[in-house]
Amino acid sequence: MTKIKKPEDLRSHRWYGAKDMRSFGHRSRTAQMGYHKSDYAGKPVIAIINTWSDINPCHSHFKQRVEEVKRGIWQAGGFPVEMPAISLSEPFQKPTTMLYRNLLAMETEELLRSYPADGCVLMGGCDKTTPALIMGAISMNLPSIFVPAGPMLRGDYKGQFLGSGSDTWKYWAELRAGNINEQDWQEIEDGIARSPGHCMTMGTASTMTSAAEVLGLTLPGAASIPAPDSRHAQMATLTGKRIVEMVWEDLKPCDILTVASFDNAVRTVLALGGSTNSLVHLIAMAKRASIPLTIERFDQLAKDTPVLANLRPSGKYLMEDFYYAGGLRALLSRISALLNLDQLTVNSHTLGTNIKNSKVFNDDVIKTLDNPVLPSGGLAVLKGNIAPNGAVIKPSAMEQSLRKHTGPAVVFNDYNDLSARIDLPDLKIDKDSVIVLLSAGPQGAPGMPEWGQLPIPQKLLKQGVRDMVRISDARMSGTSYGACVLHVTPESHVGGPLALVRDGDLISLDIEARSINVLVSEEEMQKRKAAWTAPSPKFTRGYGTLYLKHIQQADKGCDFDFLEPEDLQTPSGEPEIH
């Protein structure tokens with residue numbers, strides 16, 4: 001039987017309901033803002049964590065959406081309180097939004113802890129925002145529901161649909177190869193992003209909002225709706241209504257999240273051909289809920305999960321097409337035999353109930369089980385003597401001829417070295433070479449930026465080369481493609497064996513064997529290790545110093561070590577009300 005709270009059971013009652021001097025101050029200051037006691041007395045206070053800002057195009061519609069969320073909260077008998085939080089704008093924030101994911105997670109947790117929130121609505125969508133908001137909400141463990149920003153509309157160029165990131169890389173290569181001119185490039189620039197919303201390819205944004213839905217943290221169908229669609233506004237209002245009910249029911253993230261729900265999320269990411277970044281984020285999210293998700297689990301589930309979403313960068317279509325084809329629920333119905341359908345979701349129904357009547361309306365966008373994009377292996381976890389703790393690659397988005405490859409290394413010491421030398425005419429490199437970038441990981445860059453889709457040298461582009469084996473301890477955009485080995489751990493900057501690779505060393509990649517190795521003797525590697533010198537720290541003050549001291553490696557989710565919980569069944573560290 002669902003537990004129903006009484007008004008005096010509300011967390012906010014400690015701020016507003018007591019008959020003492022401090023509560024007098026809370027009530028009088030709320031009156032100062034124009035609210036009457038009847039607006040909030042005995043009602044759930046709902047914090048709306050809004051990551052809108054003027055420099056985040058993915059969230060540019062959130063000024064309007066937050067009003068629609070508030071409308072739902074008011075209608076359901078709640079009291080909405082909008083709380084702005086740091087906006088992680090993927091296109092603009094340098095060196096990478098990943099440097100600040102944990103900062104937003106901390107801010108979310110502390111906003112919810114320190115203010116009179118009974119429940120919260122999390123508003124996000126741009127890549128790192130989704131995991132950050134959810135990580136903070138899990139740690140605080142108040143009733144929480146997520147509003148995904150939604151993908152933007154398809155891009156347009158001379159009658160062709162353009163996809164965020166994927167077509168940027170594609171046409172940038174064609175420009176560098178001399179196959180299109182500056183006017184073409186300008187037309188692509190003008191047409192590739194033409195509405196509010198996050199990337200409309202199956203990049204990190206749609207991967208993580210889809211994962212959030214499968215985890216049970218959004219209303220059913222919420223993640224697939226395009227941002228400008230009126231149904232997105234309706235979803236925002238319905239979300240506002242639902243969070244009020246969740247507070248009365250005391251339905252919290254840790255009541256929903258389980259080992260099985262994270263397995264469901266991983267399988268969904270794989271079936272979508274989702275972003276490699278999902279490993280880092282889902283592991284961090286799971287650990288906040290005391291669930292031991294590992295990179296090895298991704299690889300286990302990849303071996304029997306088909307890729308069904310024919311979406312760029314692995315396929316042909318875009319998120320708008322995906323929505324019209326039935327959206328995420330339709331895809332889930334096709335892989336339902338691989339899912340645990342008994343998992344609870346924020347609407348108090350199971351995942352199975354939520355997808356029960358879903359149908360696919362276009363079999364070319366959402367493939368059938370007997371005609372998948374790939375029968376399995378949307379992601380692969382590799383290990384070897386240069387990645388003893390693991391690395392990841394996306395086989396669905398690479399030239400299949402490179403699945404087993406050996407070639408000589410061409411090593412770049414850091415991103416600046418890469419930028420300075422990659423297009424030099426006398427660079428000793430050919431199509432069989434393996435490009436290696438060092439110092440691009442959590443500590444080395446710092447922040448583990450999306451540098452992993454290393455550029456192919458201009459002279460090779462002009463010869464028609466469009467993919468090569470590339471290795472780094474960086475991440476890459478979920479919209480990217482190519483034979484890119486990523487997240488090498490331990491990273492080179494902390495003395496991982498990737499730091500010991502030299503020009504000309506033969507590197508062997510074998511997807512089927514899940515291996516990545518440098519063909520150098522252990523004795524030689526030990527000599528190189530003895531001669532290796534640790535680089536200087538990238539920061540000496542402020543948040544950066546905190547980051548460097550506490551950031552974990554990619555295989556551990558890149559969360560701060562001091563944020564790992566022992567038990568999240570109940571919130572800890574509640575504020576004293578004096």
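A word on ground rules before we look. Because this is a prediction, local features need pLDDT of at least 70 and side-chain atom pairs count only at pLDDT 80 or more, while totals for chains, interfaces and linings use all residues. Residues are numbered from 1 along each chain as its sequence is written, and side-chain values use heavy atoms, with hydrogens and water left out.

Let's start with charges. Side chains of opposite charge can pair when their charged atoms come close. Counting a salt bridge as a side-chain nitrogen of Lys or Arg within 4 Å of a carboxyl oxygen of Asp or Glu, we get 38 of them.

Please find Lys128. What does Lys128 pair with? One partner is Asp127, with the closest N and O atoms 3.8 Å apart, and another is Glu450, at 3.5 Å from N to O. Lys128 sits in the loop between strand S3 (119-124) and helix H6 (129-140), and Glu450 in the loop between strand S10 (434-437) and helix H19 (458-461), so this pair ties together parts that are 322 residues apart in sequence. Helices (H or I, at least four residues) and strands (E, at least two) are DSSP runs, numbered from the N terminus. Lys128 has 1% relative accessibility and is therefore buried; buried means under 20% relative accessible area, exposed over 50%, and partly exposed in between, with a 1.4 Å probe and protein chains only. Asp127 is buried too. Step back, and you see a salt-bridge network linking Glu90, Asp127, Lys128, Glu450 and Arg475.

A second pair to look at is Lys5 with Asp250, at 3.6 Å from N to O. Lys5 belongs to the segment before H1, whereas Asp250 is in the loop between helix H10 (230-249) and helix H11 (253-256), 245 residues apart. Lys5 is buried at 17%, and Asp250 is buried at 16%.

Now the cysteines. With a disulfide taken as a pair of cysteine sulfur atoms within 2.5 Å, the whole structure has 0. For Cys199, the nearest cysteine sulfur is that of Cys58, 6.0 Å away; Cys199 is partly exposed, at 24%. Cys484 is buried, at 1%.

Met33 lies in the loop between helix H2 (21-32) and helix H3 (37-40), and at 60% relative accessibility it counts as exposed. Met33 is also one of the residues nearest the centre of the second largest pocket, along with Tyr16, Thr30, Val81 and Pro116. A pocket here is an open set of points on a 1 Å grid over the protein atoms alone, with protein on both sides within 12 Å along at least five of seven lines; a cavity is a set where a 1.4 Å probe fits but cannot get out, and lining residues have an atom within 4 Å of a point. This pocket holds about 420 Å³ and is lined by 20 residues. Strand S2 (79-84) gives the most to that lining, with 5 residues.

Finally, there are 3 cavities of 30 Å³ or more. The largest cavity is about 70 Å³; its lining includes Glu213, Arg329 and Asn354. Helices H16 (327-334) and H17 (351-354) each supply at least two residues there.

Notes: Points joined across faces, edges and corners; volume = space filled by probe spheres on them.
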